[in-house]
Amino acid sequence: MTDRKPKMSEDWLACWTGLVVFLLSLGPFVGTNLLGFGAKVGIWTDLSKAITPVSASFNWMPAWLVVVSTYLFMGFLIGIGNWRSGGMVKKFVIGFTLAFAISFACWVVGNHAHIATTTPAEFKKFGVNWSLKLTGEAGFVIALLAGLVIGNFFPRLAALLKESLKPELFVKAAIVIMGAGVAIKALENSSLAWGILLRGLCAVIEAYLIYWAVIYYIARKYFKFNREWAAPLASGISICGVSAAIATGGAIRARAKVPIMVSSLVVIFAVVELLLLPFLAQMFLWKEPLVAGAWMGLAVKTDGAATAAGAVTEALIMAKSAGKGVVYEPGWILNTATSIKVFIDIFIGVWAFVLAYIWANYIEKREGDKVGAIEIWQRFPKFIIGYVLTFGIFLALGLAFPALIKTERMVPVTKEVKMTDPVTGKARTETVPVTREISGVHPPTGKNILQTVPQLKPEIKLGPARTSTDQANIFRVLFFCLTFFSIGVISDFKRLWEEGIGRLAAVYVVGLFGFIIWFGLIVSWLFFGGVHPPIVVR
């Protein structure tokens, strides 16, 4: 059979693939859960309890049916894209079935309690006394390693998988889906102090102007990389890792392997940072908790790893502070890390447009040519349009209708007490309200009296927007997992070494551990030194 001509570019396919998932995830706004069958993998010690549907309305489905339904949906969606891009249906079905099975298995293994557990509460919940503390994102690393083994030692299996391995399509679709989640994070953190907002904006300036320029200069001047390699490498190290590297590669029209190789390094080094930085923060920054949180958001280069690093840092610092008699209100360290990461993520699309303009007008412009808007448009990564749409729609909805994100009300605090039934004499348990006494004034006499009133607590109810992003996030994670598995399979060690993977890693080490981490710490200290979370009074 002859090869078919592509009917749509991979860039547009990724945009539409991500938007389809986004549109289907809007079901909760009209009272339905179109993606509620998505296979959610939680931290586990008992494999039979590892996989559940993301929506409770699908709890009737056994785990195997949840996985099969997720596979069929993703296979159908990506299969249409594969057909539109000129792929062969039969080869795709065989390859994708194997790729999905291996990638999903890696994601499940990465969520085992001895690998993914990070906080004391999780240790207690799952009954484990040790863990690698890698979070569930260890599944990405395992998928990458599995792909590397297949790609380098099992060439026949790699050839069978080839038709379904589309790492750029996978990761770009995931970025489109991610836009709505970034908007939700931004809205949920809007109540934080204005200092965190200001610090987040400064983080954008650091990452996009200072960090990027320094890494680009190091890669060009000292490691002799050309612009095609230096730009995605600078974005991957200095901004937010995989997403930025892929967007930059599209903006400057780099060969597909360039951002893919950078992405593989990002994942590996993010794990190294996750294992190292939270413990350094506990050791040296436990008296400056918000400095530690800002540092995690600025230094760790993937969204999940940065959030995980913030969570681990918060657990470690709060435990140490509590041992010294200081109990901080939870959430502030983690939210500081997340806020800064969100601000950096938001500007990926803007930066991609800036680079597309610079490359079209100055870097690759031929003498005498006039570069018009159409050239910049052709260079602009189209999947960024999807990212901006999903982010903008949810941000606008959340600002206009906050109840779509969450609602908060005060409800009575209750407790269970054991009582004896006066009629039967049998013991029973009843739920009763918790009360407290407050001083007041008796209106007729004007005397001070004690009044018994119910004790109240805030109750937060998540709105349909949060439910929507939770369902879409299942598929974003699986797209990322497929991305890293694909990266591994297509990464031939011999060829990578010839292409300079060793030099890429050297730039990463020098840039990240020699400059970004420490400069980010200094600036975090300048903005957050002496600022502390509220202290819980007991």
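Confidence in the protein chain of this predicted model is lowest in helix H17 (residues 373-379), at a mean pLDDT of 63, and highest in strand E2 (residues 51-53), at 96, where pLDDT is the predictor's confidence in each residue, from 0 to 100. Over the protein chain the mean pLDDT is 81, and 87% of the residues reach 70 or more. Where pLDDT is low, the predicted coordinates should not be read in detail. Local features need pLDDT of at least 70 and side-chain atom pairs count only at 80 or more, while totals for chains, interfaces and linings use all residues. Residues are numbered from 1 along each chain as its sequence is written, and side-chain values use heavy atoms, with hydrogens and water left out.

The secondary structure of the protein chain comes to 21 helices and eight strands, taken as DSSP runs numbered from the N terminus (helices: H or I, at least four residues; strands: E, at least two). Of its 538 residues, 51% count as buried, that is, under 20% relative accessible area, with exposed meaning over 50% and partly exposed in between (1.4 Å probe, protein chains only). Among contacts with a separation of 6 or more, 74% join residues 24 or more positions apart, a contact being heavy atoms within 4.5 Å.

Helix H3 (residues 89-110) has 22 residues and spans 31 Å from its first C-alpha to its last, close to the expected 32 Å, which is 1.5 Å times one less than its number of residues. Its buried residues include Phe92, Phe96, Phe100, Phe104 and Trp107.

In helix H8 itself lies Lys172, which counts as buried because its relative accessibility is 6%. Beyond its neighbours within four places in sequence, Lys172 is in contact with Asp11, Ala14, Ile246 and Phe383.

Turning to the strands, E4 (residues 414-420) and E5 (residues 427-433) pair in the antiparallel sense over seven bridges, where pairing requires that DSSP find at least two bridges between the strands. Lys418 stands opposite Thr429 in E5, and the two strands form a hairpin with six residues between them, in whose turn Gly425 has a positive phi of about 80 degrees.
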